[in-house]
Amino acid sequence: MSGSNYFPREEYEARWKRVWDAMRAKGYDHLLVWSRGAGSYDRLGNGLWLTNFANNGTGQDWADDVQMGAWTFSAVLFRDGRAPELHSAQPPQETEYARTVCGELIVHEPSLITGLPEYFRKHGIEGRVAVVGDDVLPGLYDRRLRSLTPQIEWVTDEWFLLEPQRVKSAREQEAFRTAGDITTHALAAGMDALIAGETSAEAAARTAMEIMRRGGGFSRIDMHHGAHAERFLLGDMLYGYDTSAPKKGDMVRGWIQGPIFQGYWLDPGRTAVCGGRPTREQRHILEGATEVCKAIIKAIRPGVTPRQLGVIGEKAAQRYAGDGIDLNLGIFGHQMGTFYGPHIIPAGDPGALEDVKEKQGTSANEIMFKEYEKIDEPYEPGMLIAVEAFIKHPGVGMSGLEDHVLVTRDGCEQITNTPYYL
Amino acid sequence: MYWSPGTAASRSPIRPIIFEHGAIGGLRDREMQTNRRQFIARSAIGGFGLVAAPLLPAESARAGASPLPAAERQIIASIARYYRLSPEDGVQGEDFSWVQIDLGATRPIDAIRLRPPETSCSTGYWSSIHFCIDCSDDQGFGEIRPITNWRAEHSAAPVNFLAYFPQNAVHARYVRLSASASPPYNGAILPSGFGTIEILSKGAAISAAMRRWETNHRRG
């Protein structure tokens with residue numbers, strides 16, 4: 001068991017500074033960031049990014065409506081410009097607290113939910129408190145917390161940390177390279193299995209082995225084939241794989257999702273044909289998804305905007321349009337960090353942002369305006385971008401592909417390099 | 001089983017009233033008919049104004065009030081705590097405990113007595129501890145009325161303590177006792193310091209038993 005941290009303390013101090021800068025910019029005096037345990041990965045990445053703390057609970061223990069134990073949750077509190085406090089109800093004897101990086105650790109017994117209000121009161125914390133993780137803390141606990149903190153005005157700002165996390169440090173980039181290398185090998189192993197006609201479960205197992213033997217982790221591995229893979233983006237709804245095997249000529253698809261290395265999230269994917277001999281129609285959509293991604297990746301460099309990339313991707317996709325072919329133009333990518341970054345590469349030019357905003361609530365195919373907020377913001381070196389494309393041809397299959405790149409000074413560096421299966 | 005003052009087998013100077021702790025969530029208050037003279041006599045403390053002073057040991061003749069009547073209701077209150085740790089060296093900083101008692105309705109509070117648990121004697125800790133008693137009609141203590149605060153300089157547990165109010169009784173539904181220790185104190189405060197809190201209210205002594213939850217542990 002390694003006793004040393006991957007990142008040195010100064011890495012975290014630099015992150016805290018970025019958080020304080022962002023707090024000042026938004027006028028926040030206090031910020032509370034919720035995370036849940038490593039077993040569930042519910043926004044675990046935020047707590048990990050800030051303090052290197054991961055609650056070791058499964059996150060699947062029963063709700064505690066008596067003492068409000070909520071022990072698999074933790075919260076990072078920024079206040080008064082000091083090093084952040086990590087609040088946890090995990091017992092010290094179960095915790096490698098020496099590996100956490102924070103100003104102080106505050107252990108609550110028995111409840112973080114009832115303890116925090118007492119702590120706030122005792123330390124004079126009142127007024128506006130920005131909170132990240134409202135989508136993590138269950139209503140049971142949140143209602144109690146709010147009822148016990150009448151002096152607090154909770155300000156939900158779920159995307160607050162995206163800005164401090166946007167540009168990756170040199171050490172983070174190295175972690176992402178490692179994560180990319182892990183998934184490159186793992187996804188290739190899974191795809192080789194599917195192409196060879198092994199079961200989805202076997203393909204997932206080979207993928208998992210490659211991730212785990214390299215010290216990585218994942219939340220989900222999707223391996224599927226045939227009609228299911230044409231209809232559904234991902235594999236078996238429960239596990240992502242089953243014990244069925246593809247037949248020769250079936251389209252097969254593999255996807256990895258999760259905190260691959262040091263909590264950094266990647267989600268690469270590939271499509272191929274079992275037996276390795278695609279038909280002309282199959283090759284058409286395989287090439288289509290590949291060429292869209294290649295065109296976008298080729299254009300990624302500092303200064304380019306997601307909107308521009310969306311136009312490039314759409315133009316590449318149109319070359320593969322045809323009767324019955326669904327170019328499936330959802331998005332062409334998104335930012336990445338300790339989980340999916342919501343700022344997207346649009347599939348094409350969505351028009352004026354005001355028009356996008358007005359579309360909210362006006363149709364069944366509603367657009368989440370906030371995803372588009374940054375489409376005119378130029379990329380900078382150090383950003384991690386996921387590029388993806390899907391093309392569907394009913395009766396033939398669905399081709400999907402996703403890769404990840406780091407923006408560099410003069411272009412980009414592709415960190416996931418699983419082969420294309422054309 | 002209930003304590004009878006002066007039990008010879010007692011090793012603790014003041015023995016507590018022991019309640020069954022099994023009735024989680026079911027409040028069975030224990031009201032003991034007494035008057036303030038008796039209530040105070042058991043502490044051998046008198047005087048005017050708000051008083052916070054140590055009680056005498058149970059063996060003292062002046063502390064030997066007659067056994068209390070049988071329980072009618074019992075309140076069980078849970079102790080909570082937080083403490084600060086330095087992640088680098090594990091050195092403990094602030095240690096803060098509190099317990100909140102729900103009297104079920106707004107009631108007059110004439111005096112409050114703290115009693116230690118039977119089995120725990122917090123000797124050996126030599127750190128000053130700051131104790132406060134507050135009350136409120138608001139469960140969230142958004143509005144706080146301080147009753148008293150004091151420092152115990154040389155003991156982790158104020159094993160005998162009485163606060164009473166001869167002029168005007170405080171009226172409140174919720175009573176909260178809190179204690180904070182200064183570093184380098186390294187141990188639980190209230191959990192080892194109290195077994196019961198008795199509240200004298202309009203001639204009735206209401207006892208609240210202290211319960212400490214198990215430390216959080218893995219359940220799944």
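Mentor: S4(A) pairs with strand S3 (residues 74-85) of chain B in the antiparallel sense, over five bridges. Strands pair if DSSP finds at least two bridges between them; helices (H or I, at least four residues) and strands (E, at least two) are DSSP runs, numbered from the N terminus. This is a predicted model, in which local features need pLDDT of at least 70 and side-chain atom pairs count only at pLDDT 80 or more, while totals for chains, interfaces and linings use all residues. Residues are numbered from 1 along each chain as its sequence is written, and chains are lettered from A and ligands numbered from 1 in the order in which they are written.

Trainee: Which residue stands opposite Tyr82(B) in S3(B)?

Mentor: That is His108(A).

Trainee: How many residues of chain A are in contact with chain B?

Mentor: There are 33 residues of chain A in contact with 22 residues of chain B, contact being C-beta atoms, placed from the backbone, within 7 Å.

Trainee: Which elements of chain A give two or more residues to that side?

Mentor: They are strand S4 (104-109) and helix H3 (112-122) of chain A. S4(A) gives the most, with six residues.

Trainee: Changing topic, which residues have the most contacts inside the largest nonpolar core?

Mentor: Leu32(A), Val33(A), Trp34(A), Ala70(A) and Ala75(A) do, in a core of 86 residues. A nonpolar core is a set of buried Ala, Val, Leu, Ile, Met, Phe, Trp, Tyr and Cys residues joined through C-beta atoms within 7 Å. Buried means that 20 or more other C-beta atoms lie within 10 Å of the residue's own, with C-beta atoms placed from the backbone. The largest share of this core, eight residues, comes from S3(B).

Trainee: What does Leu32(A) touch?

Mentor: Leaving aside residues up to four places away in sequence, Leu32(A) touches Ala75(A), Leu77(A), Val129(A) and Val131(A). A second, separate core of 70 residues includes Leu194(A), Ala316(A), Ala347(A) and Val405(A).

Trainee: How is chain A divided?

Mentor: Chain A has domain 1 (9-165) and domain 2 (167-414), with bounds from an automatic or database domain assignment. Their centres, taken over C-alpha atoms, are separated by 32 Å. The contact takes 11 residues from domain 1 of chain A and 12 residues from domain 2 of chain A.

Trainee: Which element gives the most to the side of domain 1 of chain A that touches domain 2 of chain A?

Mentor: H2(A) does, with five residues.

Technical notes: Two residues are in contact if their C-beta atoms, placed from the backbone, lie within 7 Å. A residue is buried if 20 or more other C-beta atoms lie within 10 Å of its own, exposed if 12 or fewer, and partly exposed in between; C-beta atoms are placed from the backbone.
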